Structure formats: C-alpha cells, structure tokens
Amino acid sequence: MAGVSQYLRHHTSMPSFQQRLNFRDRLHHALKAAGYRPNEHSHLARDFNAVYPGRPVAVSSVFRWLSGEAIPTQDKLETLARLLNTDPDWLRDGPIVTGK
C-alpha cells in the first residue's frame, strides 16, 4: 500500500515550480520532435481538442502548459503524449532533455 500512497501524493499534489519548468522543457522537446513550434498555441489547442474526448481546452490553457505555469491533468497529459507520439510518463516526470 505504501506504493499507492506515494503515487497519489506525487500525482495529486501541486507541482513545484521546478517540476513545471521541467515539464515545459520536455513539452518543448516533444513539440519540436513532432513538428510543432512552441509558440503555436492555437494550432496545438486545435489539434489537441480534435483528439481529446473531454471538454475542449482553451488556448490559454495550452499557453500555461507551454510557459511552465501549469501541468495538465493526467487524462490531458495522456492525450497530449499520444498527439506528440511520446510517452506520457516521460512527458510528466522523465529526465530533463539537454540541448534544445
């Protein structure tokens, strides 16, 4: 049971400033690998909303992900990873990518 409580604590607590910046860096790397430019907020929002089964996200939400202000919820992160053809675990918590 300790593993479950550690997972829940890690994935339900507010991400730290550094975690958000690390996510931003991984997201920028995944975007570049998928052919997006990091400043294409509206294009990413449009493409994301086309495949996300829930309520559409606003361009401002995508901007917050790209600027490191927020990390998407797990369901959105999984859709984002699928859209960008990357692993959702890496996108959330993977090693930091060096060299832009």
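Predicted model: local features only at pLDDT ≥ 70, side-chain atom pairs only at ≥ 80, totals over all residues.
Figure 1. Most residues other than glycine have a negative phi. Asn85 belongs to the loop that runs between helix 5 and helix 6, and with a relative accessible area of 72% this residue is exposed.

**Figure 2. The protein as a whole.** Among contacts between residues at least 6 apart in sequence, 59% join residues at least 24 apart.

**Figure 3. The largest nonpolar core.** This core is made up of 21 residues, of which Phe23, Leu27, Trp65, Leu80 and Leu91 touch the most other members. Two or more residues each are given to the core by helix 2 (17-33), helix 3 (41-51), helix 4 (59-67), helix 5 (74-83) and helix 6 (88-93), and helix 2 gives the most, with four residues. In soluble globular proteins, nonpolar side chains tend to be buried together. Once residues up to four places away in sequence are set aside, Phe23 touches Trp65, Ala70, Ile71, Pro72, Leu77, Leu80, Leu91 and Arg92.

**Figure 4. Helix 2 against helix 4.** Two packed helices are described by the angle between their axes and the distance between the axes. For helix 2 and helix 4 the angle is about 105 degrees, and the axes lie 7 Å apart, which means that helix 2 is roughly perpendicular to helix 4. On the side of helix 2 the contact is made by Phe23, Arg24, Leu27, His28 and Leu31, and on the side of helix 4 by Trp65, Leu66 and Ser67.

Figure 5. Apart from residues up to four places away in sequence, Trp65 touches Phe23, Arg24, Leu27, Phe48, Val57, Ala70, Ile71, Pro72, Lys76 and Leu80. One of these contacts joins parts of the chain that are 41 residues apart, namely Trp65 and Arg24, whose C-alpha atoms are separated by 6.5 Å.

**Figure 6. The buried residues of helix 5.** Within helix 5, the residues Leu77, Thr79, Leu80 and Ala81 are buried. The buried residues of this helix pack against helix 2, helix 3, helix 4 and helix 6. Leu80, one of them, is also among the core residues that touch the most other members, and both Leu77 and Leu80 are touched by Phe23.

**Figure 7. The surroundings of Ala30.** Ala30 is a residue of helix 2, and at 4% relative accessibility this alanine counts as buried. Leaving out residues up to four places away in sequence, Ala30 touches Leu84, Thr86, Trp90 and Leu91. Ala30 and Leu91 stand 61 residues apart along the chain, yet their C-alpha atoms are separated by 8.1 Å.

Notes. Residues numbered from 1 in each chain as written. Heavy atoms only, no water. Core = buried A, V, L, I, M, F, W, Y, C linked by side-chain atoms within 4.5 Å. Buried < 20%, exposed > 50% of the residue type's maximum accessible area, 1.4 Å probe, protein only. Contact = heavy atoms within 4.5 Å. Axes fitted to C-alpha atoms, helices over the stretch in contact; angles between N-to-C directions. Parallel < 35°, antiparallel > 145°, perpendicular 65-115°, else oblique.
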